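Subject: Structure handover

Hello,

Here is the structure I promised to pass on. Please open it and keep it beside this email as you read.

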Amino acid sequence: MRFGHFDDSKREYVITQPDTPLPWINYLGCEAYFGIISNTAGGYSFYRDARLRRLTRYRYNNAPFDVGGRYLYLRDNDSGEFWSPSWQPTRTKLDKYECRHGMGYTTIGSSYGKIEAQTIYFVPLGETLEIWKFQVTNRRKQAARLSIFSSIEFCLWDAQDDATNFQRNFSTGQVEIVDEVIYHKTEYRERRNHFAWFACSEKLAGFDTQRDTFLGAYRSWDNPAAVERGKSFNSVAHGWAPHGSHHVKVNLKPGETREIIFVLGYHENPVDQKFDPPDSQTINKRTVKPVIAKYLDGKNVTAAFEGLRRYWDGLLGVYQVDSPDLHANRMVNIWNAYQCMATFNLSRSASFYESGIGRGLGFRDSNQDLLGFVHMVPSRARERILDIAATQLAGGGAFHQYQPLTKRGNNDIGSGFNDDPHWLTLGVATYIKETGDWSILDEPVQFENEPGSEQPLYEHLRRSFNYTLERIGPHGLPLIGRADWNDCLNLNCFSDTPGQSFQTTTNKDGRVAESVFIAGLFVLAGKELAAIAKKRGLNKEAERCLAEAAKMEKVVYRHGWDGAWFVRAYDDFGKPIGSKVCKEGKIFTESQGMCIMAGIGLKDGKAKRALASVNKHLATKHGIVLQQPAFSKYYIHMGEISSYPPGYKENAGIFCHYNPWIIISETMVGNGNRAFDYYTRINPSARENIGDRHRCEPYVFAQMIAGKDAPTHGEAKNSWLTGTAAWTYFTATQWILGIRTEFDGLRVDPVIPAKWKGFTVTRRFRGNTYVIEVRNPKGKQRGVKKLLVNGREIAGNVLPVRPPQSKPIPVEAVLEG
Ligand code: GLC
Ligand code: GLC
């Protein structure tokens, strides 16, 4: 069953009924100002940091799921009837409803009683504000006398404090109302130099800024007192809950349309120019006023919207494919790339499953997010790499997370996740392969944000590598620490106390439990580091990396191979996890993918053997589960993984993030049919028809799909902010379609389904645009032996870097097997 459809030509997903199984959201903003918006206008906004600079309030885990948002009410002033043109919060049965989520904007249109309404929500590039462009049309035969009420609830900035510290917060709220603008200035009188503003393009019939006056006692968003009676109270918030509501009256002749613009913004003043006059407590509005005036003008709004479209044309234009598979095309060309922008910006902080108050940017997560983002805005990727690296500890370890506003590591989580450092190496390698910008390695970067501790970025990578060498366990494998990629494999935790964090509780000295996964990651990162060192002329360094990687490979063969697959880890008792000798958790996916991606087992058939085991034991029609058999009870020596009921999350759920590792591995052994089949199983577009089972958005990947041990097998959760976004994008573009960035050029090495007759990719790379046509006349799955560039044959299958030219460069490749 479907709840809408794709409109690929417009790059939109069209939702045709408001009561989707779960709120289906989109993101507004892609630079500094962000908003989450659901298909019924729910959600909230923030500046940079979802926790510390929350502009509007939102209550998570509400019932209904999605209440609180950017609401407009329409009221027929003759009948007194009122409704929400976005369905929520009044949930009036609309005659027509359509939500279109697009690239950085959302449009919600509806019709009720022959009054049509449409709102476009978006954030102009370069601005810290969001526009709601509202249009209302009278399709009746008679004139319509209407009221429009806007409504947002201001958050008192720190979303965590806002949701808990009422004894203080009920007394701090302050606003100013000047002309058509409501200014929210709680705490501006003391240490803040920022405020929010909410403006309207029309002359106001009234306003409200005190939530409980607007709503009325014991009422809710579905019948605010002001809307019901058709007249604002002109309330001025002092303490309690500052709110923003404009009241506009419009009389429309039959067929007449009116446009009203609402703008919600964030603004900062210089600390010494906060007030005007200086000795007053009144906000200095001199710098914000021109911004407000600009965006209350419809012409500028239209221009800004066009600017946003062109921006996305540019970003998505870096890689476009025309393949026989509609779902792959759609994800690669539009939605998967778009999702990568969201994960790059927000890491795992703010979605409808991440509350925005807990998690900053993850060291491992943000490095992986680069894989799907670096080609779009390399300069921002560079900046991100340097920020992340500056949180690294001098010993090579890493703060597991950092707050984007302060750019400092989070002490409450600390470090000790022993996979973390290697993701930096992979992130940097990805960046250089895309850009050829070797200079990043010479950038001086602090350790632990300590001034004076600067070392070239390259030195950070060396320490990352050494970090593992200094933490080797009894079998010669890397010690796991608090956890590796799998946050829930907590082998040193041994927690029996309810509520303790599995990731930060450590009851063991950590000198026994080892990770085969980190061993694979170490080999993979080691090979990248060797290539980088060699480029820098550091041949000894390069040799050392390769020698250590080779040594680790041997250890993996000796202690990490179980006979038909790779072992996952060794526990604190020195016993294997993910082995045939285990009763539960005999085989895990992550170590298969990571070891094979590192090249382990490719030559002697072990890789193929392991992949056959994955296919036999772990693959389901909805994707590949994390391990089997699922843990049926809590095992104190394994930690959080066994805390989940079987089939969910890390306990044998289909954790989509590592599915691409298996897909890449399949391409590495040349199995294009199976690689693509696995890709399609988790591709949300390909799952659109089972929307009632999948339940999450069909246009973005979800973190998890319930595994075969769960009663809800096939149900997705935690959509949007997941490492799946970057990895699926990277996998589809670089390994299946096989247009792969390398240090010295662009490799053309597709591994595709035999039944594909070919495909075309347009790829911008280091200043040139290549139009690559791959043909597959013999029905092969891989095997490009030579390339025709500009009609002339070159040896091998790597397009060398060449001086930028203005015309696209035609490339032809034929699969010969
Ligand atoms: C979550 C975390 C990620 C971790 C994964 C597996 O997605 O954000 O860091 O690797 O879970 O536990
Ligand atoms: C929980 C989740 C895991 C996530 C972690 C982050 O353990 O199961 O997916 O990575 O929390 O702290």
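Below are my notes on the ligand site and on one pair of helices.

Keep in mind that this is a predicted model.

**The ligand site**

Start with ligand 1. There are 10 residues around it, and the nearest are Arg364, Asp365, Trp485, Asp487 and Glu650. What classes of residue make up the shell around ligand 1? Six are charged, two are polar and two are nonpolar.

Now look at the polar contacts. An oxygen atom of ligand 1 sits 2.5 Å from a side-chain N or O atom of glutamate 650. Glutamine 703 also uses its side chain: a polar atom there is 3.2 Å from an oxygen atom of the ligand. Aspartate 487 uses its backbone instead, with a polar atom 2.9 Å from an oxygen atom of ligand 1. How much of ligand 1 does the protein bury? Taken alone, the ligand exposes 310 Å², and the protein buries 96% of that.

**The helix pair**

Next, find helix H7 (residues 326-346) and helix H19 (residues 723-736). Two packed helices are described by the angle and the distance between their axes. Here the angle is about 145 degrees, and the axes are 8 Å apart. The crossing of H7 and H19 is left-handed.

Which residues meet? On the H7 side they are Val332, Asn336, Ala337, Gln339, Cys340 and Thr343. On the H19 side they are Ala725, Ala726, Thr728, Tyr729, Ala732 and Thr733. This contact has seven nonpolar residues, five polar ones and no charged ones.

Best wishes

Note on methods:
Residues numbered from 1 in each chain as written. Chains lettered and ligands numbered in written order. Predicted model: local features only at pLDDT ≥ 70, side-chain atom pairs only at ≥ 80, totals over all residues. Heavy atoms only, no water. Near = heavy atom within 4 Å. Polar contact = N/O pair within 3.5 Å; in protein donor to acceptor, adjacent residues only side chain to side chain. Areas by Shrake-Rupley, 256 points an atom, 1.4 Å probe, with all protein chains shown as cover. Nonpolar A, V, L, I, M, F, W, Y, C, P; charged D, E, K, R; others polar. Axes fitted to C-alpha atoms, helices over the stretch in contact; angles between N-to-C directions. Helix = DSSP H or I, 4+ residues; strand = E, 2+ residues; numbered from the N terminus. Left-handed = near helix turned anticlockwise from the far one by under 90°. Contact = heavy atoms within 4.5 Å.
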